[in-house]
Every structure is written in C-alpha cells, then in structure tokens.
Amino acid sequence: MSSNHHPITVFYDGACPSCVRDRQRYQRWAGQASASVCWFDITGQEERLRALGIDPRKALTELHVSDENQRIRSELDAYLVLMAKVPRLKPLAWLISRPAIRPWVARLYHWRVNRRLVRSGRL
C-alpha cells in the first residue's frame, strides 16, 4: 500500500531572529527527521497564506504547520506535530499536551509572541 504523505511544512517568521534560531535548533535536534520538514518564510507572503487558508496576522502570532496529511495545525498543535519527530522532545510534547498544563503553556506562548511583536513594532 502506498502512502500519500507529504513533508511537513512549517510557516515561520523569517524576519524574527529568535524564530530563525528556533528553526536552526530544531534542525540540529531533529537530525535526519529534519529532511521531511520544509520551511516557509511567511514574510511578505500574505496572499499565499490566504490561499492556504491561513490568516496572515495569525501566522505572525501563532506557529502554523501543514502536517503530513496537509492539514493546517496552529499554535500548540503545530508544535506537537514538530516535537513528535524529535525523540528528545517527545516527553515534552506529552507533558504540554496534558489538559491541566496545555492552557498555561498556550498563555505563556502568546504572551512571549505578543511581547516580541510589540518590541519589534510589528503588532
């Protein structure tokens, strides 16, 4: 039986130095698994994002990933897709997916992203 799976596409903010560092760190940690991840810089790509069903403003404030089945995942769901490919991150993925912890992690994530965008004058 053949598989119709596609590589994972990560929609990241290439104008964000910490986002670029996160990408590099992920690629190091993922090793061979990083070959199945495509990176798409969202900078100046509003029309393309809309064509994919991604709100460009949300793309700035939440990580978006197109998973292996081409479903768009955002926020923590996007991180969980990526973390599942890296053995050292699987325990952390399990932890942050717990119902008692997930809302706190989501709040912290949004606080950090909004702070970064306000500091850079992009929000």
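Leu92 is found in helix H5, which covers residues 90-96, in what is a predicted model. With a relative accessibility of 39%, Leu92 counts as partly exposed, and together with Trp94 and Leu95 it forms a nonpolar patch on the surface whose accessible area is about 300 Å² in total.

**Helix H6 and its cover**

Helix H6 comprises 18 residues, 102-119, and at 1.5 Å a residue these should span 26 Å, which agrees with the 26 Å that separate its end C-alpha atoms. Within H6, the residues Ala106, Tyr109, Val113 and Leu117 are buried; because they cover an arc of only 65° around the axis, they are placed on the same side of the helix. Trp104, Arg112, Val118 and Arg119, by contrast, are exposed on the other side of H6. Helix H3 (56-61) and helix H4 (75-83) are included in what covers the buried residues of H6. Just after H6, Gly121 takes a positive phi of about 75°.

**A buried glutamate**

Glu62 is found in the loop between H3 and strand E3 (64-66), and with a relative accessible area of 11% it is buried. Leaving aside residues up to four places away in sequence, Glu62 touches Ser74, Glu75, Tyr109 and His110, and of these Tyr109 is one of the buried residues of H6.

**Salt bridges**

Side chains of opposite charge can pair when their charged atoms come close. With a side-chain nitrogen of Lys or Arg required to lie within 4 Å of a carboxyl oxygen of Asp or Glu, the count comes to eight salt bridges, among them the pairs in the table.

| Pair | N to O distance |
|---|---|
| Glu47 and Arg50 | 2.8 Å |
| Arg71 and Asp67 | 3.4 Å |
| Asp77 and Arg102 | 2.6 Å |

Glu47 and Arg50 are three residues apart in helix H2 (residues 46-51), so that about one helical turn separates them; Glu47 is exposed, at a relative accessible area of 60%, while Arg50 is partly exposed, at 47%.

Elsewhere, salt bridges that share partners join Asp67, Arg71 and Arg73 into one network.

Terms used. Residues are numbered from 1 along each chain as its sequence is written. This is a predicted model: local features need pLDDT of at least 70, side-chain atom pairs count only at pLDDT 80 or more; totals for chains, interfaces and linings use all residues. Side-chain values use heavy atoms; hydrogens and water are left out. Patches are made of residues with over 30% relative accessible area and no salt bridge: like charges are joined within 9 Å, nonpolar side chains (Val, Leu, Ile, Met, Phe, Trp, Tyr) within 5 Å. Accessible areas come from the Shrake-Rupley method with a 1.4 Å probe; for residues, only the protein chains shown count as cover. Helices (H or I, at least four residues) and strands (E, at least two) are DSSP runs, numbered from the N terminus. Buried means under 20% relative accessible area, exposed over 50%, partly exposed in between (1.4 Å probe, protein chains only). The expected span of a helix is 1.5 Å times one less than its number of residues. The arc is that of the directions from the helix axis to the C-beta atoms. Contact means heavy atoms within 4.5 Å.
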